[in-house]
Amino acid sequence: MIKQFYITPFFLVFIVFMSSIVNAQKDRIVEEKIDSILSLLTLEEKVAMCHAQSKFSTPGVPRLGIPEVWMSDGPHGVRAEINWDNWGYAEWSNDSITAFPALTCLASTFNPDLAKSYGISVGEEARYRKKDVLLGPGVNIYRTPLNGRNFEYMGEDPYLASKLVVPYVKGVQENGVAACVKHFALNNQELWRDHINVEVSDRALYEIYLPAFKASVIEGGAWAMMGAYNKFRGQYCCHNELLLNKILKTDWGFDGVVISDWGGAHNTYEAAMFGLDMEMGTGTDGLGTTTLNHYEHYYLASPFLKLLKKGEVDEAIVNDKARRILRLMLRTNMNSNRPLGKMNNVEHHHVARKVATEGIVLLKNKENFFPIEDREGLTIAVIGENAKRSMTAGGGSSELKPQFEISPLEGIKKRYKNAQIVHAMGFASGPSVYDQILPSPYDADSLKVEAIEIAKKADVVLFIGGLSKSHLQDCEGADRKQFELPFGQDDLLNDIMAVNKNIGVVLITGNAVEMPWLDKINGLIQGWYLGSIAGDALADVISGDVNPSGKLPFSFPIKLKDNAAHYFGELSYPGDSINQFYKEDILVGYRWHDTKKIKPLFAFGEGMSYTSFELSDFKLNKKTYTKGEQITISGTVSNTGIVDGAEVVQVYVGKSKSKVKRALKELKGFKKIVVKRGLSEPVQITINVNDLAFYDEAIKDWNLEKGNYTAYIGNASNNISKKIKFEIK
Ligand code: GLC
């Protein structure tokens, strides 16, 4: 009889010990390979690796069979092939892909497992498209609702972003494709992004703006990091001694490659000495404007070679860059074990749909407006340009060429077989020319008349509006100039409500918007840029096939001036075009709303369900804790409604009577839990006491303050059902 070998703790320890030995062995082999290759390279070959040879590639060493490194945007899917030497599309016919929902939507799922599936799927597509580096994810903190690129990021809370960026990075890199986390750091607006100098306290830097980047490196093991365009404390982020040499490479032990944002390098000596490893996208440095070998004019090209040859920069500097780049290659295009990748398969479509349906947020549901029943004789008027508008296009470098894209209208028509669906544009987004949005070519009045006509005759009105993901409207390179909805949507909504009160709104945006009509509508759904399967996902939720469980990853202020960055005026946002001061400091987002008692329109962590949940019996495992201990919060979630659903239990922690300024409470734990109707499920969330430390500028280190704390447990930052005091000794 085979002796049953029990999985004893010893055996588990042995397994862990052996795998760490094996990994250390693997790393040693890689380092030895790097050493041997490095010794074969000429100075010119090492310098050549440190800068672009085309829009999205850097040279290898043909003589030795070392491959080129190929990169592609972006965070939501693999961008269509770009020309060798300009921003135009190469019009290939094999680069149509799966467009996944924007990362704001992923953040709204509060689901790290989904973030892993997302990373695996987009990594498989990047691998199949033969890309070695995927230029994403972006984890810049949502500081102002006007930032053009918020849709690409993971919201206003560093803890939420940290918990989702790690599995995403791991998922991508399982495919032998490097994730390139961006934009490091403090790129929280698009206006003047290429030069604005951000001034922020160490405390806010370390507690708000760095954590997601730090987690992506230390827990996620990111192989690449993209420097941001802006400056920090007077130095460009793409060659910033404090951010790159000290914090990223020394404190965090980052062993990957720092890639500049495209055109983010501005100085040879600084690029050499302050942490830049791969210079991309430099148009010209003034030394040469022709396309002919202007790559030789890059800062880390011939000017760098000259400094090395003159001995003004030590060869060890270029060796470190080459070593990091070779390490990236041995992890990617020189790693013979990496998977082959996949593209446009049903698994990816399933992941895209699941992220979308789990990220959609139900914000208002008066008289059970949602879900809308599909019944004979029911007429649903679907009004709005965003019902049909492609949202995978536009937005800047994250734009995609999907194999297909199901619009909200298509999805609704496909799902509603009995009800009658009628559509009218209602409004049209105008083309944006440099700094302003021109009126649309359509006649606004006739669009409005047509919309009101179908609204009059319909039983239900579903308004699908929002932003257009074009210049000045949720798009890279510019911020919005207004907080309210554009293209006359507010007036149109008022006119529609005058003829039909039974109206629900679906906002397709990546940002908060003003909602003067909120009290007069019955239902409100925050629908993000949902990717290829947008229409099916929206129809899933609108019809009730899927019970929404999304939670807002950022606050919706009632008025723009209620937002922290805007409260402090021009110098705080957008700055004076040279400098900008983050005067709200650590009080970003709900930290501001809670602490200053400024009620938001919708709060961070807020989102409704078609069922109802009850949180009960929550308690902590102890009353007092010491450094390094785990706080275990346990309790029960009951589904007291009529349909299965998922709830997100959130744990915030606040410190009373602190020696430093504090936010009222900060997110320190969350768990999404599925509970079938009528049942209850236990839930447990653990927090490491050390994670409650604040960054103490006096000692330039983290400081775990002793004293009394409060754990706030609830299902939204503005819906706390239990407060439990505890002490740290
Ligand atoms: C852009 C973006 C960056 C993108 C890069 C390449 O300017 O800032 O996110 O990855 O250039 O397109």
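## Ligand shell

The ligand is surrounded by 15 residues, of which Asp73, Arg149, His183, Tyr229 and Asp261 are the closest; a residue is near a molecule if one of its heavy atoms lies within 4 Å of it. This is a predicted model, in which local features need pLDDT of at least 70 and side-chain atom pairs count only at pLDDT 80 or more, while totals for chains, interfaces and linings use all residues. Residues are numbered from 1 along each chain as its sequence is written, and side-chain values use heavy atoms, with hydrogens and water left out.

By class, the shell holds six nonpolar, two polar and seven charged residues. Here Ala, Val, Leu, Ile, Met, Phe, Trp, Tyr, Cys and Pro count as nonpolar, Asp, Glu, Lys and Arg as charged, and the others, Gly among them, as polar.

## Polar contacts and burial of the ligand

A polar contact is a pair of N or O atoms within 3.5 Å; within protein, one must be able to donate a hydrogen and the other to accept it, and residues adjacent in sequence count only if both atoms are side-chain atoms. A polar side-chain atom of His183 is 2.7 Å from a ligand oxygen. For Tyr229 the distance from a polar side-chain atom to an oxygen of the ligand is 2.6 Å, and an N or O atom in the Asp261 side chain also lies 2.6 Å from a ligand oxygen. The protein buries 97% of the 310 Å² that the ligand exposes when taken alone (Shrake-Rupley method, 1.4 Å probe; for residues, only the protein chains shown count as cover).

## Asn230

Asn230 is buried, at 1% relative accessible area (buried means under 20%, exposed over 50%, partly exposed in between; 1.4 Å probe, protein chains only). Its side chain reaches the backbone oxygen of Ala185 at 3.1 Å.
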